[in-house]
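Here is a short tour of a protein model, with an eye on charged side chains and how the strands pair up. Have the viewer open while you read.

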Amino acid sequence: STVFIKLNAKPTRWLEYNYIHSWLVSEVVDSSRTYGSGYEGKREVYVDKYLAAAMFTITPLKRLNLSIGNSIIYADTKFNPSYLIPFLFYKSVDHTYNGSYNNIGHNSQMFFDISSRQIRNLHLYTSVFIDEIYMGQMFDSEKQSNFLSYKLGLRLSNIVPNTSFTAEYTHNNPLTYTHIYPSTSFESNGYTLGHYLRDNAEELYLSVRYKPIRGLDLQLSYTHARKGEEYQKVIDSKDFSTHPEINLEEPRWGLPFIKETLWKKKVVNLSIRYQIINDLFIFAQLEHQNISGSRASYYSLPFELSNDNSMWFGFNFGF
């Protein structure tokens, strides 16, 4: 979790606006501000890192929401009040302060969502995250450098009483959520702020949910996720010992999508949840999973590889 300020405004019934500014943790050492000597006497100071993001949601028709927004990760500088202006296009602000054609710019993104409930009992939705897009090379397989992620989904409800069916597909192009400069990567504390599979990956999710009686919620789901090789990524020189596959000379365009599957995971999950009284829930889950691939031990925890079956249970109150 990171500290952030948030603004939410609904000036009309057809327009909603959301904005955040967050103070991230870069974990990139600023050598100019680091002082002391020796292991215990050395005080390492991190490079400052921030996130600004804004999104407009328009409702042109009843049960139809269209959202568009942009964000920027900026670092290696002091806090910039320009990014507190909640309706700006932050890439243009970046060009104003840092120029358009140099290597001191920051990491900007765009995104849009569509959510439609126009058809009775059917919810259609999609979300697209654009980390970088080059229209002139979009359809050139050897030069395209469109780093984007998208999700397509639908939920069908009450065709069978008290039952819903969900299907989702997520696709992350190579190099999405990454950045060549470590201080402006799309992450905080080393954890991605985007999709958990990061770049060059895809996921299929299917589920059926049934509520037979008041308070009882049953859900059966299936997830099939796979991930390909990680291409050019620069974090720190120390990473070359743990990421021998990193090649700084690799081009950043025309990279194939999952040329080889290095990690694959199939999961079947049964979830049971019951509301005892207001705000008091008990729950239990049973899960069977199968993980394979040459990098299974890198992307999965040891207990996941040693045990295909898991069970957990508990309770929660108030949320």
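## Salt bridges

There are eight salt bridges in this structure, which is a predicted model. Take E187 and R198 to begin with: their side chains form a salt bridge with an N to O distance of 3.0 Å. This pair connects distant parts of the chain, with E187 sitting in strand β9 (residues 187-188) and R198 in the loop between β10 (191-192) and β11, 11 residues apart. E187 counts as buried because its relative accessibility is 11%, and R198 counts as buried because its relative accessibility is 18%.

D217 and R209 give another salt bridge, at 2.4 Å from N to O. Here the two ends get their own labels: D217 is buried at a relative accessible area of 13%, while R209 is partly exposed at 29%. There's also a network of salt bridges, and it links D30, R33 and D48. As background, side chains of opposite charge can pair when their charged atoms come close.

## E304 and its partners

E304 is found in helix α3, which covers residues 302-306. The side chain of E304 meets that of K265 in a salt bridge, 3.1 Å from N to O. Since E304 lies in helix α3 and K265 in strand β13 (residues 263-277), the pair ties together parts that are 39 residues apart in sequence. Is E304 buried or exposed? Buried, because its relative accessible area of 16% falls under the 20% cut-off. K265 also counts as buried, at 18% relative accessibility.

The contact between the side chains of E304 and K265 shows up as a polar contact too, at 3.1 Å. If you skip residues up to four places away in sequence, E304 touches K265, Q289 and I291.

## E203 in strand β11

Now for a glutamate in a strand: E203 belongs to β11, residues 201-210. E203 is buried, with a relative accessible area of 11%. Its side chain makes a polar contact with the side chain of Y196 at 2.4 Å.

Which residues surround E203, leaving aside its neighbours within four places in sequence? The contacts are E168, Y169, T170, H195, Y196, L197, T223, H224 and A225. R226 is 23 residues from E203 in sequence, and their C-alpha atoms are 6.5 Å apart in space.

A hairpin of two residues joins β1 to β2. For a landmark in this pairing, look at L7, whose bridge partner in β2 is Y19.

Strand β2 also runs antiparallel to β3 (residues 46-61), with 12 bridges joining them. There, Y17 has F56 in β3 as its bridge partner. When colouring side chains, keep in mind that in a regular strand the side chains alternate between the two faces of the sheet.

## The whole protein

Zooming out, the protein has three helices and 15 strands. Of its 319 residues, 39% are buried. The accessible surface comes to about 19100 Å², and carbon and sulfur atoms hold 59% of that.

What share of the contacts with a separation of 6 or more comes from residues 24 or more positions apart? That share is 57%.

Notes:
Residues numbered from 1 in each chain as written. Predicted model: local features only at pLDDT ≥ 70, side-chain atom pairs only at ≥ 80, totals over all residues. Heavy atoms only, no water. Helix = DSSP H or I, 4+ residues; strand = E, 2+ residues; numbered from the N terminus. Buried < 20%, exposed > 50% of the residue type's maximum accessible area, 1.4 Å probe, protein only. Contact = heavy atoms within 4.5 Å. Areas by Shrake-Rupley, 256 points an atom, 1.4 Å probe, with all protein chains shown as cover. Polar contact = N/O pair within 3.5 Å; in protein donor to acceptor, adjacent residues only side chain to side chain. Pairing = 2+ DSSP bridges. Salt bridge = Lys/Arg side-chain N within 4 Å of Asp/Glu carboxyl O.
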